[in-house]
Amino acid sequence: MPTIEKTVPEDDEDYIISRAKEAHKHNIYSAKAWMLTAKTLFPSNFKIQFEAYLMEKQSGNVQEAAECFSSLMSSRQNIPDLLLEISAIANALKSNEPSFLSQMFDNICPDIQLTILRTSVENSDDTMEHCRLLVLLLKKFPQLGVDSLVKTLINTEKFFYDNRYARLLVVETLPLLHSLESPRLLQRLVVKAIDFYNSYVFDETEHDISDPWQRLYGVLELLGRQLGWDSYLVNYGNSLNKESYYQKLLLSRNIEDCRQILYCGIVFFLRSLYEHKSLKGNHILVEALADPDLPPSKRKKGDIEVTGVSAHQFQAAANCWELLHSNEVITREFMKLTSQIQVKPWLEGFSDELALYKA
């Protein structure tokens, strides 16, 4: 314990803090002794408690810093003075990169963690930042439910002009969603998910989302099950077997509610068309050459055959396109759906190939 050369009055805590700081440059144990003395003399003094926290933070002592910060957070009156540090902790957690503050946060009890994250949300002025912090809070405490955030994101006007909101909703928030009572809202979310990931895979400049198709499948399976859709159709691993999946779609054609075949069908169509375009590259579909010397009766009859590296994918896309135009109701609803998502870039060239395919 350091020798105190004078009696320290209540308003002279700065003296002990300065001695602790000076000692910290040369002898950490002496500095700790000074801070212990200070906390003993002034157990409720914010400046001393905060300085003790900073000292442990600077020394890289995760557990000790967590204990000091928890002690500071236990008093609500201290929180306004801790906002900068709370913001720094939230930023460290958002980065997903290991850091001292994120490790310290992990060593804080859940009740204090919840207070830290809620405080960061409540004190964020920017709408985008507020939503990001809310997602962070819900990732740490999913039991709080994401319904309100989903409704906020999908109803905000900025959603339609700022792709960051769409990404936050589809990529970050929807995987946290356990249940929603509104079928109408679930269907809107399905459309937003299809539109976002379809636009993402078409945009060749963006590559920061890993496995976008699998992420889309995961969201649609989650939402499709809540809508009571056929379990085979929403288990998108089955779409790897294109013929079996297409046959299952055919069986759903006459169901009164066409939304299942509509949403599952367009995802199957877009994925098949994406694979077709990716595989064929700059090649185009052309009609096969026939021997002009053969009489018509000797030329090949029957179904048109498509060959090439992307033949299987093109066939699946063409079949699905026909299915989505197989009756007046499905066609009308399909046209409404395509007006809400960016499919035109995918269809460039496909309509000509389809016309050639159908002769």
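Here are some questions and answers about the structure above.

This is a predicted model, in which local features need pLDDT of at least 70, side-chain atom pairs count only at pLDDT 80 or more, and totals for chains, interfaces and linings use all residues. Residues are numbered from 1 along each chain as its sequence is written, and side-chain values use heavy atoms, with hydrogens and water left out.

User: Is E353 buried or exposed?

Analyst: Look for E353 in helix α19, residues 350-357. Buried means under 20% relative accessible area, exposed over 50%, and partly exposed in between (1.4 Å probe, protein chains only). Because its relative accessible area is 7%, E353 is buried.

User: Which side chain makes a polar contact with the side chain of E353?

Analyst: A polar contact is a pair of N or O atoms within 3.5 Å; within protein, one must be able to donate a hydrogen and the other to accept it, and residues adjacent in sequence count only if both atoms are side-chain atoms. For the side chain of E353, the partner, at 3.1 Å, is the side chain of H276.

User: Which residue just after α3 takes a positive phi?

Analyst: Helix α3 covers residues 46-58, 13 residues in all. Its buried residues include F46, F50 and Y53. Just after α3, a positive phi of about 75 degrees is taken by G60.

Notes: Helices (H or I, at least four residues) and strands (E, at least two) are DSSP runs, numbered from the N terminus. The expected span of a helix is 1.5 Å times one less than its number of residues.
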